[in-house]
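Please keep it open as you read.

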Amino acid sequence: MSVEKEEGISKSSFDTAVQKSNALEADLNINPHKHRVLTGDRPTGNLHIGHYFGSLQNRVRLQNLGVETYIVIADYQVLTDRDVFKDISKYVYELTLDYLACGLDPEKFKTHIFPHSHIPELNQLLVPFLSLVSNAELSKNPTIKEEISASGQNVINAGMYTYPVHQAADILFCKSDVIPVGKDQLPHIELTSKIAKRFNKKFKARVFREPVGLLSETPMILGLDGGQKMSKSRNNTIMIKATEDETSKLIKKAKTDSERVITYDPENRPEVANLLMLTSLCSGDSPAKIAEEIGEQGAGKLKQMTAEALNSQFSEIRKRRVELEKNEDYVRSILKDGIANAREVAISTLEEVRQAMNMNI
Ligand code: TRP
């Protein structure tokens with residue numbers, strides 16, 4: 001049995017992905033204008049501090065480097081693993097608020113925020129793309145397998161198996177080549193890359209470039225219950241939009257251990273290490289140095305420092321969010337502009353795709 005079946009992608013394809021990501025990172029700093037970023041989120045809830053440190057900060061950095069940045073709100077993906085859809089529109093709006101508050105700025109930079117359900121020409125790319133992949137490829141995708149077991153559903157809809165192909169349409173419609181993602185998304189990037197190559201080869205065209213996953217350097221942020229990834233479905237998060245008070249209360253309740261002296265030992269003391277890491281991400285000091293400073297003052301002091309560090313890190317962001325909340329028209333105009341821009345690009349790509357397939361009239 002291959003390693004792939006057991007734990008996500010194989011080590012060798014992970015190593016290759018890391019190499020590609022590093023080469024891309026180097027070039028982004030030299031030639032930001034040669035590249036185009038696309039990444040996104042499902043609108044299933046507000047964004048939390050794990051999202052912030054794991055990806056939002058990086059998106060803002062890329063935007064500020066001058067790389068054109070597309071942020072897709074993947075509303076169709078919500079339908080793949082759940083039956084509830086009443087909050088989709090609300091969370092499209094809420095995500096937009098979170099993005100803008102964190103510093104994505106479509107007014108100042110070439111940044112575009114849009115829900116993919118509003119871009120018909122993007123969605124249409126799914127049809128030819130589906131003929132470029134096999135059923136076997138779709139059903140062996142390790143991320144999909146995990147999501148199927150996590151969904152708790154007995155009947156798995158075909159959208160679950162095919163959403164990585166839809167995601168390829170998200171990525172390729174705007175010819176993006178830089179896809180900032182976590183490790184779990186690498187199988188989807190690999191598939192997208194295959195689709196781009198196969199399309200160009202089969203239709204003897206050079207429509208698409210091959211995208212590369214840009215891996216984040218931030219270590220995984222654990223939830224406040226310790227041990228597991230921070231995630232809304234596990235109820236162990238702090239939202240970006242939380243108040244100072246809410247933040248302090250949540251940190252106070254965070255799990256630690258019974259050892260008095262604080263040390264940085266991610267392997268044996270994951271909960272304490274996670275709070276140290278969060279503090280470090282805010283202050284810039286290393287987790288080990290912070291641990292040394294706290295020493296005998298114990299978990300109480302650690303929690304106080306973590307809460308203060310987070311509240312100071314998110315102070316401006318939260319202020320900005322409160323201001324934006326008062327300006328619904330502005331926030332909606334950002335989405336309208338994002339949609340208009342994405343459509344223009346999608347129309348032109350679909351035109352090229354039709355030409356390549358000999359379907360023009
Ligand atoms: N699947 C991604 C997630 O669940 C969201 C997403 C949709 C995405 N389309 C994308 C990410 C394209 C990167 C590129 O988080």
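## Overall size and fold

With 361 residues, the protein has a radius of gyration of 21 Å, which agrees with the value near 21 Å for a compact globule. This radius is taken over C-alpha atoms, and the globule rule is 2.2 Å times the number of residues to the power 0.38. Along the principal axes, the C-alpha atoms fill a box of roughly 75 × 55 × 45 Å.

The model is predicted: local features need pLDDT of at least 70, side-chain atom pairs count only at pLDDT 80 or more, and totals for chains, interfaces and linings use all residues. Residues are numbered from 1 along each chain as its sequence is written, and side-chain values use heavy atoms, with hydrogens and water left out.

The secondary structure comes to 17 helices and five strands; these are DSSP runs numbered from the N terminus (helices H or I, at least four residues; strands E, at least two). Of the 361 residues, 50% count as buried. Buried means under 20% relative accessible area, exposed over 50%, and partly exposed in between (1.4 Å probe, protein chains only). Among contacts (heavy atoms within 4.5 Å) between residues at least 6 apart in sequence, 77% join residues at least 24 apart.

## Where H5 meets H17

Helix H5 (residues 88-102) packs against helix H17 (residues 328-356) at an angle of about 95 degrees, and their axes are 10 Å apart. H5 is therefore roughly perpendicular to H17, a label for angles of 65 to 115 degrees (under 35 is roughly parallel, over 145 roughly antiparallel, the rest oblique). Axes are lines fitted to C-alpha atoms, for helices over the stretch in contact, and angles run from 0 to 180 degrees between N-to-C directions.

On the H5 side, the contact is made by Val92, Tyr93, Thr96, Leu97 and Leu100, while H17 brings Glu328, Tyr330, Val331, Arg332, Ile334 and Leu335. These residues divide into eight nonpolar, one polar and two charged. Ala, Val, Leu, Ile, Met, Phe, Trp, Tyr, Cys and Pro count as nonpolar, Asp, Glu, Lys and Arg as charged, and the others, Gly among them, as polar.

## His51

His51 is found in helix H3 (residues 49-65) and, at 25% relative accessibility, counts as partly exposed. From His51 to Leu100 is 49 residues in sequence and 14 Å in space, C-alpha to C-alpha.

## Cysteines

The structure holds zero disulfides (pairs of cysteine sulfur atoms within 2.5 Å). The sulfur of Cys282 is 12 Å from the closest cysteine sulfur, in Cys102, which is too far for a bond. Cys282 counts as buried at 18% relative accessibility, and Cys174 is buried at 0% relative accessible area.
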